Each structure stands twice: as structure tokens, then as C-alpha cells.
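Work through the exercises below with the sequence and the coordinates at hand. Each task is followed by a stepwise solution.

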Amino acid sequence: MEVKFNHVTLTYPNGIEVLHDMDFDIDDGQLVALLGPSGGGKSTTLNLISGLLSATSGNIYFGDKDVTKQDALERGVGMVFQNYALYPHMTVLDNIIFPMKMAKIDKATRKQRALDLAKLVRVDDQITKKPSDLSGGQQQRVAIARALAKSPNILLLDEPLSNLDARLRVEMREEIRRIQKETGVTTIFVTHDQSEAMHVADKIMVLNDGRIQQYDDPQSLYENPNNQFVANFIGEPALNVISAHQLGTEVTQLFDGNVATIGIRAEALTNEVKEPAIKMQAVVHEVLSFGRDRQATISVGEHQLIATDVTTSALIDQEMTLFAALSGVYAFDKDGQRLPLRGERS
């Protein structure tokens with residue numbers, strides 16, 4: 001099912017507009033992540049899609065159908081919440097069956113579908129247990145199966161991994177991807193974790209202050225951010241930011257516009273010669289190794305930076321020339337909008 005927002009806004013009764021001119025399309029069968037900080041508008045957007053909230057203006061379409069005025073039940077969506085909301089007195093199988101029972105689906109059909117879904121989410125060996133006997137990851141799998149039980153047009157996941165430990169989060173994000181691919185259901189996934197979004201989603205919508213900052217595939221967001229907010233939010237370690245005056249006019253003149261700040265990806269900084277690159281004088285304070293990963297702490301004037309491609313042969317606490325590969329360097333104006341290299345189209 002395709003989802004389309006046509007210039008949708010949401011204003012609270014107190015007059016505060018919390019979502020501004022939301023205009024986007026989610027293609028049928030895609031897994032899209034809504035990514036951004038707390039208060040950015042992720043869950044609010046999800047609730048508009050589900051019908052739990054009503055748009056103040058604009059229109060919401062599922063395929064060709066205008067669902068703007070429909071409530072959550074009429075829209076036929078499946079939702080998985082942060083706390084899973086399983087019925088504690090019911091077995092796994094009964095939890096999955098429950099929405100089909102409410103829909104008056106016949107007993108044999110609903111039981112077979114529940115068994116099929118339990119197998120899909122890999123809890124078919126747990127169907128006689130109660131939720132309290134399951135791990136967090138198993139409870140999440142059951143919640144997904146229950147959401148899929150009525151064959152929803154759209155599956156909505158509201159921070160479903162936030163209650164899991166780090167290793168299980170990685171495992172379950174891959175499981176969500178697998179389940180989505182096997183079912184083909186259009187899935188919208190809310191998260192504040194950029195690594196989660198980058199690994200799971202076909203496309204990511206970056207939200208901040210109720211506005212879409214950028215909506216693109218994960219690699220494009222990383223390599224070609226529209227603005228400083230997106231460049232800062234996507235990537236680990238976070239983007240290094242240097243004031244324009246620190247690098248001088250020789251660097252700022254590479255870009256078309258009035259440069260206020262320069263952003264440099266950690267992996268673009270190295271003590272080995274790279275071309276094309278920006279040269280800068282820096283001091284390397286330490287180089288630490290973490291298995292196959294390496295991280296150097298350096299200073300350029302008053303700015304502290306992180307680099308991941310500085311070799312262990314770098315001279316510590318001595319000024320030296322570092323290179324910032326131009327492919328990992330971005331320039332931003334005073335409003336945080338990205339500026340193109342001279343000669344490039346913006």
C-alpha cells in the first residue's frame with residue numbers, strides 16, 4: 001500500500017503547529033524509517049498515518065483512497081508499540097489469534113494463520129507460553145505477529161527496539177528487515193537511533209522540529225546531506241565541525257556561497273597524502289585502537305576533532321599536516337544549509 005501526505009499540518013488546540021507542511025510519498029512494499037531527536041515529530045507523524053491523530057489541514061492517502069477523515073480501525077493498519085502491549089494472561093498463540101477473533105474470522109482459519117505467523121517470526125516453539133515467560137526479543141516477535149494477523153495494509157512500528165539490550169537490538173533489526181521482505185507489507189519504523197535506521201530502511205525521513213529535513217536512501221543521506229542538521233545526525237562518529245575562519249579563505253573559496261562552518265567526516269581525516277583534499281595544520285593527541293577500529297583525538301586551532309584514518313605512526317603532540325579528503329568535507333552557511341563546491345550545481 002502506498003502512503004501519501006499532501007501538505008499535511010497538525011496544530012494543537014492551543015494554536016501551536018507541531019507538524020509543518022508534510023509532503024511525501026512512501027512506495028508500496030517499502031520499509032521507511034522516521035528518524036530524528038525526541039520531539040522532532042516522528043511518533044506524531046506515525047499517529048497521523050495510523051489515524052490516532054487527525055490532520056489539521058492537508059490530505060492523507062493510502063493508494064488512491066483519501067483516508068484523512070477515517071479513524072484507526074477503518075484504515076486497516078497494524079501497530080507495534082514500544083512496550084509491545086501483549087495480553088499477560090494469554091498464551092503466545094492466543095495473543096496472535098486475538099485480533100482475528102475480534103474480526104470474527106472463523107476458528108480454523110485464524111488458528112492456522114496464527115501458527116503460520118508464529119513460524120514467520122520464529123516463535124513457533126513458544127506458542128504455549130505466556131508473555132512473562134519470554135525474553136524481550138521474543139515478546140517483540142509476538143507483537144509483530146499479532147500486528148500482522150489481520151493482514152494490514154501498513155505495519156507501523158513505534159520504537160520497537162528501545163527496550164532491548166544492544167546485542168539483541170542488532171539481531172532484531174535484522175529480523176524486522178527479514179519479516180518485512182517476506183511479507184512485502186509497507187512498513188514505517190520510528191527510531192531515534194541513526195545506526196538502526198541506516199541498517200534497516202530502504203529510505204529514511206529525517207525529522208526535526210516538525211519538518212522534513214531530508215527524505216532519501218541511507219547512503220545518499222550520509223554522502224549528500226542537505227544541511228548541517230542531517231550531516232550531524234547521520235554518521236558515527238559525529239561530524240567534525242570547524243568554523244570557517246579557522247581554515248581560511250583558501251578553503252572557503254572552494255565553495256559557492258558565504259561559508260560559516262565546515263563539516264568533516266571522521267574517516268576523511270588522515271595523516272597520509274590524499275588528493276583532492278584540504279590541508280590543515282593539526283596536533284594529534286592520541287591514537288587508540290579498538291580491534292579493527294582506530295580513533296584519533298586531534299586539535300585544529302581551538303577545535304577538537306575525531307579522526308578514524310590517522311595511522312599509529314602519527315607524531316603525538318607535535319604539529320603536523322593532516323589531509324581532509326574533499327569527498328568527506330561539507331560547507332554550510334549561517335543557517336546550516338549546505339553549499340556546493342564551486343562549479344557544481346546546488
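**Exercise 1.** Where is the place of Asp209? Describe its backbone and its exposure as well.

Solution. The model is a predicted one. Step one: Asp209 sits in the loop between β9 (203–208) and β10 (211–216). Step two: its phi is positive, about 55°, although Asp209 is not a glycine. Step three: exposed means over 50% relative accessible area. Asp209 has 53% relative accessibility, so Asp209 counts as exposed.

**Exercise 2.** Treat Asp21 in the manner of Exercise 1.

Solution. Step one: Asp21 belongs to strand β2 (residues 17–26). Step two: the phi of Asp21 is near 45°, again a positive value in a residue other than glycine. Step three: the relative accessibility of Asp21 is 44%, and therefore Asp21 counts as partly exposed.

**Exercise 3.** Characterise the salt bridge between Glu175 and Arg178.

Solution. Step one: the N to O distance between the two side chains is 2.8 Å. Step two: both residues lie in helix α6 (residues 166–183), 3 residues apart, about one turn of the helix. Step three: Glu175 and Arg178 are both buried.

**Exercise 4.** Do likewise for Asp256 and Arg342.

Solution. Step one: their side chains form a salt bridge at 3.7 Å, N to O. Step two: this pair links distant parts of the chain, 86 residues apart, with Asp256 in the loop between α11 (249–252) and β12 (261–264) and Arg342 in the segment after β19 (338–339). Step three: Asp256 has a relative accessible area of 41% and is partly exposed.

Terms used: Residues are numbered from 1 along each chain as its sequence is written. This is a predicted model: local features need pLDDT of at least 70, side-chain atom pairs count only at pLDDT 80 or more; totals for chains, interfaces and linings use all residues. Side-chain values use heavy atoms; hydrogens and water are left out. Helices (H or I, at least four residues) and strands (E, at least two) are DSSP runs, numbered from the N terminus. Buried means under 20% relative accessible area, exposed over 50%, partly exposed in between (1.4 Å probe, protein chains only). A salt bridge is a side-chain nitrogen of Lys or Arg within 4 Å of a carboxyl oxygen of Asp or Glu.
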